[in-house]
Amino acid sequence: MSKEIVLSGIRATGNLHLGNYFGALSKFVRMQGDYDSMFFIADLHALTTATDPDLLHANVKNIIAEYLAAGLDPEKATIFVQSDVPEISEMYLLLNMHVGIGELMRTASFKDKARKQLGIKSEGDDIEKEIIGNDSNKRVSAGLLTYPTLMAVDILIQKANKVPVGKDQEQHLELTRRFARRFNSFYGVDLFPEPTNFDFGGAPVKVPGLDGSGKMGKSEGNCIYLIDDEKTLRKKVMRAVTDEGPKTPNQPVSQPVENLFTLLQLTSAPEIVQQYRDAYADCSIRYGDLKKQLAEDILKITLPIRERILDLRNDDATIARIVKQGAEKARERAAKTLAEVRHIMGIRPFA
Ligand code: TYM
């Protein structure tokens, strides 16, 4: 029996942080040997928000180095760059014919990013008006709107079954399933499997920020990066937002402190987490100790990766060889699916 296909990608928008690592990359590494695995760098998706050409290219290279440094192995997984597979762009055009503007506009990540691009602070739901509005300096790109179509194509063109992503991507995955179903039923075919998230039995993670906010993210400016040096990392953790400490036993935990516990849970042994939970419950906790512990345990994970990143990111020859080989493999299946899609939709040769 052929192995199930796993596919996932990360946008080329900067260095990878702990959210990317625990939400995605660490899972890629654990899965790579057991599945027909494909991991890519989403440079076309990066264009929906970042447009500096030199930076984009550097980011692509950087993420490949980070993939390899974290343990992705080109012998076990196909590692490729999205734009090296032009079939994706063509199928993106074709699939867009079956995607509604309304359903794209309702996507949470679109609203969020559109709001940022338009400089709207409030969460009010009137952004549709702002988007359509007639101030030509305020523009939300069609590329941003159709981000979920492109993501669906990444997945469907490889007929992937499992897509390991963090919690924030679940809505996009839901749309992918919907588009797959719609295409299959519209044309009466059974072309696309419906992909699901994957998390080794647990729930998909949302890695919190250090600033008390719900999510670690590049644009939130609250990240710990895999490339952070020891001093920087310790400083960031020691400055993490907390509160004035528990005053009564078993007091509910505030969001910023719960965030630290979540990070501790991801990086430390269960008995250490329990020890700090107990200390919180009986009011003996010292946040300084908790932070020191957390920094120590994060460094155990990130420092070896950092060293390998520094080695790899100047190794242009290795990077070029890996993505060339990856692109060939990725294009093979993509070309086959695209040919099927074209035929199904009625784009057929005369001869
Ligand atoms: P990107 O670059 O925004 O995120 C890459 C991966 O990191 C995860 N992630 C998090 N997980 C948990 N907690 C966080 N704070 C956190 N921040 C980021 C994301 O869930 C994601 O798994 N749209 C995708 C890129 C993509 C893709 C695809 C993924 C494009 N095409 C096809 C899978 C399949 C994205 O958001 O990347």
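Reply: Start with accessibility, and keep in mind that this is a predicted model. C283 has a relative accessible area of 27%, so C283 is partly exposed.

Me: What range does "partly exposed" cover?

Reply: Buried means under 20% relative accessible area and exposed means over 50%, so partly exposed is what lies in between. C283 itself is found in the loop between α13 (270-281) and α14 (287-312).

Me: Where does N250 lie, and is N250 buried or exposed?

Reply: N250 belongs to the loop between α11 and α12 (255-267). Its relative accessible area is 62%, so N250 counts as exposed.

Me: Next, salt bridges. How many does the structure hold?

Reply: There are 19 salt bridges in the structure. To read one, look at the distance between the N and O atoms, then at where the two partners lie. One of them pairs E87 with R331, whose closest N and O atoms are 2.9 Å apart.

Me: Which parts does the pair of E87 and R331 tie together?

Reply: E87 sits in helix α4 and R331 in helix α15 (residues 316-345), so this bridge ties together parts 244 residues apart in sequence. Helix α4 itself covers residues 86-96.

Me: How does accessibility compare for the two partners, buried or exposed?

Reply: Take each partner separately. E87 is buried because its relative accessible area is 10%. R331 is partly exposed, with a value of 35%.

Me: What does E87 touch, apart from residues up to four places away in sequence?

Reply: With those sequence neighbours left out, E87 touches I157, R331, A334, A335 and L338.

Me: Which glutamate does R178 pair with?

Reply: R178 forms a salt bridge with E103, and the closest N and O atoms are 2.4 Å apart. R178 lies in helix α10 and E103 in helix α5 (residues 101-105), so the bridge joins parts that are 75 residues apart in sequence. R178 is partly exposed at 33% relative accessibility, whereas E103 is buried at 9%.

Me: Which residue does K236 bridge to?

Reply: K236 pairs with D228, with 2.7 Å between the closest N and O atoms. K236 is partly exposed, at 23% relative accessibility. D228 has 9%, which means that D228 is buried.

Me: What about charges gathered on the surface; which residues make up the patch of negative charge?

Reply: D112, E123, D211 and E220 gather there. Residues in a patch need over 30% relative accessible area and no salt bridge, so accessibility has to be checked. D211 has 37% relative accessibility and therefore counts as partly exposed. As for its place, D211 is in the loop between α10 (170-187) and α11 (230-238).

Me: Let us turn to a residue in a helix. Is V153 buried or exposed?

Reply: V153, in helix α9 (residues 147-156), has a relative accessible area of 0%, so V153 is buried. Leaving out residues up to four places away in sequence, V153 touches I88, M91, Y92 and L95.

Me: Where is I101 placed, and is I101 buried or exposed?

Reply: I101 is in helix α5. Its relative accessible area is 56%, so I101 is exposed.

Conventions:
Residues are numbered from 1 along each chain as its sequence is written. This is a predicted model: local features need pLDDT of at least 70, side-chain atom pairs count only at pLDDT 80 or more; totals for chains, interfaces and linings use all residues. Side-chain values use heavy atoms; hydrogens and water are left out. Patches are made of residues with over 30% relative accessible area and no salt bridge: like charges are joined within 9 Å, nonpolar side chains (Val, Leu, Ile, Met, Phe, Trp, Tyr) within 5 Å. Accessible areas come from the Shrake-Rupley method with a 1.4 Å probe; for residues, only the protein chains shown count as cover. A salt bridge is a side-chain nitrogen of Lys or Arg within 4 Å of a carboxyl oxygen of Asp or Glu. Lys and Arg count as positive and Asp and Glu as negative; His and the chain ends are not counted. The place of a charge is taken as NZ of Lys, CZ of Arg, CG of Asp or CD of Glu. Helices (H or I, at least four residues) and strands (E, at least two) are DSSP runs, numbered from the N terminus. Buried means under 20% relative accessible area, exposed over 50%, partly exposed in between (1.4 Å probe, protein chains only). Contact means heavy atoms within 4.5 Å.
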